[in-house]
Amino acid sequence: MRQYYNGDMNLYGYGIDEESSTLPEKTKQMGALESQMRIYIEDYVYTYLYQYGKSNGGKEKVAALVGRHIEINGEDSVVICGAIQGKGAAQKNGVESFSEETWEYIGSQMETYFKGMTLVGWAHIQPGFGSFLMAKDEMFHEEYFKEKWQVLFVLDSLDKMDTFYIYNDEKKGLRQARGYFVYYDKNKEMQEYMLENSMVRPREDGETCAMEETLKEEQPVADGERKRRRPRPEERMDAAKEIRRVLQRRAEEAEEAQKGRYTMLAGVSCVLCVVCICMGFALMSNMTRLRSLEGEILMVQSSYQKLEESIEGVKVQAAFAAETKTPTPVQPQKEDAQKVEESAVETWHTVEAGDSLGFISTKYYGDNSGVTKIMKANDLENADMIYAGQALLIP
C-alpha cells in the first residue's frame, strides 16, 4: 500500500505499489518472534532515533515513523524505512504530543524525502525513564493512530532500552510486542534526511567525524567570513556508505565479543563437568570400600558373640556337674571339654566375586546339601542375594 499526505493530521490516503510488497531479507532478530505482526526497522532509522534522543541535552522528544504496511496471507507486517523529527511538538495533557505545526512538518518531509511511504506509527523518546508504556501515550496513540498495524516505539536513549507496542487482538489497548527485526538495506531516503538534519547525525568515532569534515569544506567570501558549501549528491552517498561501514564494523565487533563470552562460559562448564565426574567416581569407590569394611566388622563381631556364648555354656555345664557331685572319670571330662572347645570354633566363609551358595556348599559339604543350612544359619531368604565381601557362617 502507498500512502500520501493530504493535509489531515492522520495522514491517510492510499495507493498501490507493487514494489513495496516484499519483506526485507538481511535482518537481525531482536527479542522473540511476534505472532500477531512482524515489525521491521531499518538500521539507519534505529541509529538515528537514538542519536536524536541524545541531542539537545537529552530532553523528551517525539518522532514520526514512516514506511510500508504489507499484508501477506492475512498476516500484517510493518517495514519502518524512515524517522522524522517531531519539530514543534508541545505538551498536551502532560505528555509530549504532535501539534498542528508538527503534523505539517511531517507531511512536508514525507513529500520531500519519503514519497509514496505511509505513516506507520510514532516514537516517544524519554531518556532516563525506561521504555515503559504510559497511559497518556496510549490515549494519544488511540486518538491519532487508529489502524491496527500502526505501532508505538518507546525508547530510552540514555539507558539504551526500547520496546515496540502494538494493538491487542481486540484493539482495545496496546500491548508489548515480543520482538522485532532490524534490517539492512540501501535506504537512500533516510540517508538524505540524515544528511540534511546534521544535528543528530551519528558521530561516535574518529572515522565518521573525519568523513563528515570532508563534506564541510569551507569557501572564502569577500567579507572574510567563511561558509560551508552544500555537499554534492555523490558526496552524500559516500558519507552514507561510510556511516554504514562504521555501524556494520561495530556490530561485528559486538558479535565477536559476545561469541568470546559464550566460548569462555562453555569452557568453564566443561571443566566443572569433568570435576563433578571425577568426584562421583571417587565417591563410588569409597562406598565400595566402606561396605567391605562393614562386612568384615560384622563377621568379627558375630564370631566374638558366638565364642562368648559357647564359653558361657561350658561354665554352666561345669557348675551343674559340680552341684550334682556325680563321679565321672577324668578322661571323659577331658574329652567333653575338648568337644566343647571344638564346637566353639566356628567356620566362616568370606564371599568372593563369582561365588554362589551351591559352590560354597560343595566346598564345605561335598555337595549341594548344605545350601539350606547356610541360608538358615545366615537368615538368607534368597540364595542369590549374596555379595562379594559378605561373611557367611558355615554350620
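A disulfide here is a pair of cysteine sulfur atoms within 2.5 Å. Keep that cut-off in mind for this predicted model, where the count comes to zero disulfides. Take Cys276: the closest cysteine sulfur, in Cys273, is 6.5 Å from its own, so that gap is too far for a bond. Cys276 is exposed, at 53% relative accessible area, while Cys81 is buried, at 7%.

Now for the sheet. It's an open one, built from nine strands with mixed pairing, and the order reads E3-E13-E4-E6-E5-E9-E10-E11-E12. The edges belong to E3 (27–31) and E12 (174–176); each has a single partner strand, so one side of each is left without a neighbour in the sheet. On average, and ignoring direction, neighbouring strands are turned by 30 degrees against each other.

Zoom in on E5 (residues 61–72) and E9 (residues 118–125): they run antiparallel and are joined by seven bridges. Here Val66 sits opposite Leu119 of E9. Two helices lie across this part of the sheet. H3 (residues 135–144) lies across E9, E10 (151–156), E11 (161–167) and E12, and runs at about 165 degrees to E9.

What about the nonpolar residues? The largest core has 59 of them, and Ile41, Leu49 and Ile80 touch the most other members. Helix H1 (residues 43–54) is the top contributor to this core, with seven residues.

Terms used. Residues are numbered from 1 along each chain as its sequence is written. This is a predicted model: local features need pLDDT of at least 70, side-chain atom pairs count only at pLDDT 80 or more; totals for chains, interfaces and linings use all residues. Side-chain values use heavy atoms; hydrogens and water are left out. A nonpolar core is a set of buried Ala, Val, Leu, Ile, Met, Phe, Trp, Tyr and Cys residues joined through side-chain atoms within 4.5 Å. Buried means under 20% relative accessible area, exposed over 50%, partly exposed in between (1.4 Å probe, protein chains only). Helices (H or I, at least four residues) and strands (E, at least two) are DSSP runs, numbered from the N terminus. Two strands pair if DSSP finds at least two bridges between them. Axes are lines fitted to C-alpha atoms, for helices over the stretch in contact, and angles run from 0 to 180 degrees between N-to-C directions. Contact means heavy atoms within 4.5 Å.
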